[in-house]
Amino acid sequence: MLKPTDPHKRMPPMQGLYYFYQAAHYGSFKLAAETLHVTAAAISQQIRLLEDWLGTPLFYRQHRKVVLTPEGQILFEHTQKGFQQIQSGVWLINNDPDPQRISLSTLPSFSQHWLVPRMTSFRAEHPEISVLIESKTELADFEQSSLDLCIRYGEGCYPNLHCQWLMDDLLYPVCHPLYQAQHQIYSIHDLQRADLIGDIWPDINWERWLATVGAKGGSSSLAYDGVNYVLEGALSVQGVALARHSLAQRYIEEGTLVRIGNIAVKPNFSYYLCAPEGYFKREKVKIFTDWIRQQADKFQQSFPADQEIRQFSDQIIKTK
């Protein structure tokens, strides 16, 4: 005699439920087996285990077909809804609801100083794809938004996201040419008489940088909340800023900022492309990631060849 399992204790075996759903859909163990690429005996065994678990028959076994019992009909209606919902969820992950538009999230500093100036190239190569860029310091929430991809600066370890390394960066001091001439700041050892512009974000840390390169710094009575303001302070002849190469490069090329010395520090963190793994299968995401990787390769080739590069010896900063 079949003894039902208490449904409050545990769920029935998922494989048995799926085999039952397919057999009920086709009205045949044989057709269900062909669809699932298993034997009819395997279908029969799993359904028998499910019936034992429930304590009731689910099919009337007839010569050339199977017919649902009243209990089987109830279960089929519910499994049909459940598996259709699961299939819809998988479709949403692996298929693109808006294939002609890509939505990105990244740090305001990276967006303003690195990504946006290069978007002319992407638009010229892919005019069929519209782009939305959200600039936020908070981590992207893919469940509560229509985002396709985010670019983050950190270790590349974010919960429930697949992360792909994009590029490294360098940290070095910069200032306006007028400030350099007025205060005679040319080498890292001249920094001891400079006004050091601070950033309250811990990844841009003057104390760590100076300790790594073996130099001393001057006054650090001015600090801003974010690298955008720090760079603006340097551009406004307020002092020397510690800047990432990715954010300062174009200002150096324009001549509105100059580097101090020829020593740079390579941070422990890098830039990463992050999204749920299935999103990377979307065609527009593939197109964008191919393009931005090309841009990142060109950028890393711009690292000054004559400089000495050092590495932070420890890791005390947080990801963003």
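This is a predicted model: local features need pLDDT of at least 70, side-chain atom pairs count only at pLDDT 80 or more; totals for chains, interfaces and linings use all residues.
**Packing of α1 and α2**

- Two packed helices are described by the angle between their axes and the distance between the axes.
- Helix α1, which covers residues 14-26, packs with helix α2, which covers residues 29-36, at an angle of about 120°, and their axes lie 8 Å apart.
- Because angles from 65 to 115 degrees count as roughly perpendicular and only those over 145 as roughly antiparallel, this angle makes α1 oblique to α2.
- The crossing formed by α1 and α2 is right-handed.
- On the α1 side the residues in contact are Y18, Y19, Q22, A23 and Y26, and they meet F29, L31, A32, T35 and L36 of α2.
- Sorted by class, this contact of α1 with α2 is made up of 8 nonpolar and 2 polar residues, with no charged residues.

**L54 in helix α3**

- L54 belongs to helix α3, which spans residues 40-54.
- The relative accessibility of L54 is 27%, so L54 counts as partly exposed.
- Although L54 and P12 are 42 residues apart along the chain, their C-alpha atoms are separated by 7.9 Å.

**R244 in strand β10**

- R244 lies in strand β10, which runs over residues 240-244.
- R244 has a relative accessible area of 1% and is therefore buried, since buried means under 20%.
- The side chain of R244 makes a polar contact, at 3.3 Å, with the side chain of Y271.

How values were computed: Residues are numbered from 1 along each chain as its sequence is written. Side-chain values use heavy atoms; hydrogens and water are left out. Axes are lines fitted to C-alpha atoms, for helices over the stretch in contact, and angles run from 0 to 180 degrees between N-to-C directions. Helices (H or I, at least four residues) and strands (E, at least two) are DSSP runs, numbered from the N terminus. Angles under 35 degrees count as roughly parallel, over 145 as roughly antiparallel, 65 to 115 as roughly perpendicular and the rest as oblique. A crossing is left-handed if the near helix is turned anticlockwise from the far one by less than a right angle, and right-handed if clockwise. Contact means heavy atoms within 4.5 Å. Ala, Val, Leu, Ile, Met, Phe, Trp, Tyr, Cys and Pro count as nonpolar, Asp, Glu, Lys and Arg as charged, and the others, Gly among them, as polar. Buried means under 20% relative accessible area, exposed over 50%, partly exposed in between (1.4 Å probe, protein chains only). A polar contact is a pair of N or O atoms within 3.5 Å; within protein, one must be able to donate a hydrogen and the other to accept it, and residues adjacent in sequence count only if both atoms are side-chain atoms.
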